[in-house]
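Please read it beside the sequence and the model.

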Amino acid sequence: MTSPDLPAELKAALDAKLRGFSRNDAAGRAASISKTYRDGGGSGAIRSEADALAYALARMPATYAAVTASLNALVGIRPDLAPTSLLDVGAGPGTATWAVAETFPSLQRFALLDANDALRTLALDLARDSTRLRQIHYDRGEARAALAKADAAELVVASYMIGEIGDAEQRALAALMWEKTRDTLLVVEPGTPAGYARIITLRERLIAMGAHVAAPCPHDGKCPLQPPDWCHFTQRLQRSRAHKQVKGAELPFEDERFAYVALTRAAVAQRPSRVLAQPVVSKIEVTAKLCTTDGLAFRKVPRRAKADYAAARRWRWGAAVD
Ligand SMILES: C[S@@+](CC[C@H](N)C(=O)[O-])C[C@H]1O[C@@H](n2cnc3c(N)ncnc32)[C@H](O)[C@@H]1O
């Protein structure tokens with residue numbers, strides 16, 4: 001399992017960038033960028049080197065943790081997966097690329113694309129001293145145009161990106177990303193009802209085009225969850241001192257909620273159930289909410305079934321279980 005915390009090389013690169021920048025200024029910029037996101041705006045508010053760094057300090061640890069958790073789930077289902085090429089769509093500061101590089105030592109070719117010049121420049125700076133990522137190819141441009149001329153890759157990732165474009169654009173982008181996917185497409189979004197809705201729409205569209213779900217769903221059928229319920233997961237990550245200062249936060253950790261789907265060209269052999277919430281453990285039984293091949297199930301594992309109960313006590317939200 002890849003750790004959800006930023007790799008040492010990336011932390012060091014961020015710390016080095018932060019030297020010479022005021023943390024108070026970074027905190028102010030991060031707060032105003034977050035407000036723009038909360039008000040439904042996108043990354044257009046990130047225009048300068050200082051904005052890009054503030055965004056990276058405030059958000060990169062959490063988006064990295066969410067992408068890593070999604071990749072860990074994918075690897076759980078596809079332990080044989082060893083992609084050699086990556087295409088990171090809406091790559092921003094390169095977050096998903098770092099997470100994918102940590103997860104797959106097999107990767108040799110990294111292609112990134114994004115419309116935001118400040119984030120692209122930061123990504124190249126952060127990667128400059130990395131042994132693996134110094135050779136990344138980062139195209140600046142609108143996603144559809146840049147994707148159209150990009151080479152296909154075994155793994156295509158779009159992390160916290162599709163929410164920044166309109167619905168018609170999302171439809172076209174989903175088809176184009178799938179066209180460029182040789183093996184697996186991973187899309188990660190915030191774990192809000194709106195983020196989940198975007199994931200589900202993309203999932204349905206691409207299944208109709210022949211895709212299969214590798215994770216989190218154990219089936220290619222309709223999502224069994226009914227509103228106001230929605231499928232999402234959570235990943236805890238540690239906050240560094242700079243991270244806490246930029247966010248004006250006290251706690252040494254945060255929990256990032258995210259939604260994701262990993263779609264593959266070939267159907268996966270194994271389809272274990274997915275734990276959809278933290279199971280409730282009592283002295284009598286473990287109760288777990290599961291997505292199974294037959295739909296939603298609330299499984300009760302009684303204490304008297306000793307071995308099963310002991311195993312179920314270890315189940316965690318997001319895990320794949322038999
Ligand atoms: C919230 S950021 C996420 C960045 C990165 N993937 C991550 O997980 O940290 C969204 C990114 O999508 C990019 N983006 C949004 N719309 C785009 C478009 N139409 N074409 C290219 N990039 C776009 C933004 O510039 C921004 O870098």
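## Helix H4

H4 is mostly covered, with eight of its nine residues buried (buried means under 20% relative accessible area, exposed over 50%, partly exposed in between, with a 1.4 Å probe and protein chains only). Helices (H or I, at least four residues) and strands (E, at least two) are DSSP runs, numbered from the N terminus. This is a predicted model, in which local features need pLDDT of at least 70 and side-chain atom pairs count only at pLDDT 80 or more, while totals for chains, interfaces and linings use all residues. Residues are numbered from 1 along each chain as its sequence is written, and side-chain values use heavy atoms, with hydrogens and water left out.

The buried residues of H4 are Thr-95, Ala-96, Thr-97, Trp-98, Ala-99, Val-100, Ala-101 and Thr-103. They pack against helix H1 (8-18), H3, strand E1 (85-89), strand E2 (109-114), helix H5 (117-127) and strand E4 (153-159); contact means heavy atoms within 4.5 Å.

## Pockets

On a 1 Å grid over the protein atoms alone, a pocket is an open set of points with protein on both sides within 12 Å along at least five of seven lines, and lining residues have an atom within 4 Å of a point. Grid points are joined across faces, edges and corners, and a volume is the space filled by probe spheres set on the points. Ala, Val, Leu, Ile, Met, Phe, Trp, Tyr, Cys and Pro count as nonpolar, Asp, Glu, Lys and Arg as charged, and the others, Gly among them, as polar.

| Pocket | Volume | Lining by class |
|---|---|---|
| Largest pocket | About 1,200 Å³ | 19 nonpolar, 16 polar, 14 charged residues |
| Second largest pocket | About 540 Å³ | 13 nonpolar, nine polar, five charged residues |

The largest pocket is lined by 49 residues, and Tyr-37, Ser-43, Tyr-55, Tyr-160 and Glu-164 lie nearest its centre. Among the elements that give two or more residues to this lining are helix H2 (23-38), helix H3 (49-77) and helix H4 (95-103). H2 gives the most, with six residues.

For the second largest pocket, 27 residues form the lining, and Met-1, Ala-69, Asn-72, Gly-318 and Ala-319 are the closest to its centre. H3, strand E7 (233-238), E8 and strand E13 (320-321) each give two or more residues to it. H3 gives the most to the lining of the second largest pocket, with six residues.

## Hairpin

Strand E11 (residues 285-292) and strand E12 (residues 295-302) pair in the antiparallel sense over eight bridges; two strands pair if DSSP finds at least two bridges between them. E11 and E12 form a hairpin with two residues between them. Val-286 has Val-301 in E12 as its bridge partner.

Terms used
On a 1 Å grid over the protein atoms alone, a cavity is a set of points where a 1.4 Å probe fits but cannot get out, and a pocket is an open set with protein on both sides within 12 Å along at least five of seven lines; lining residues have an atom within 4 Å of a point.
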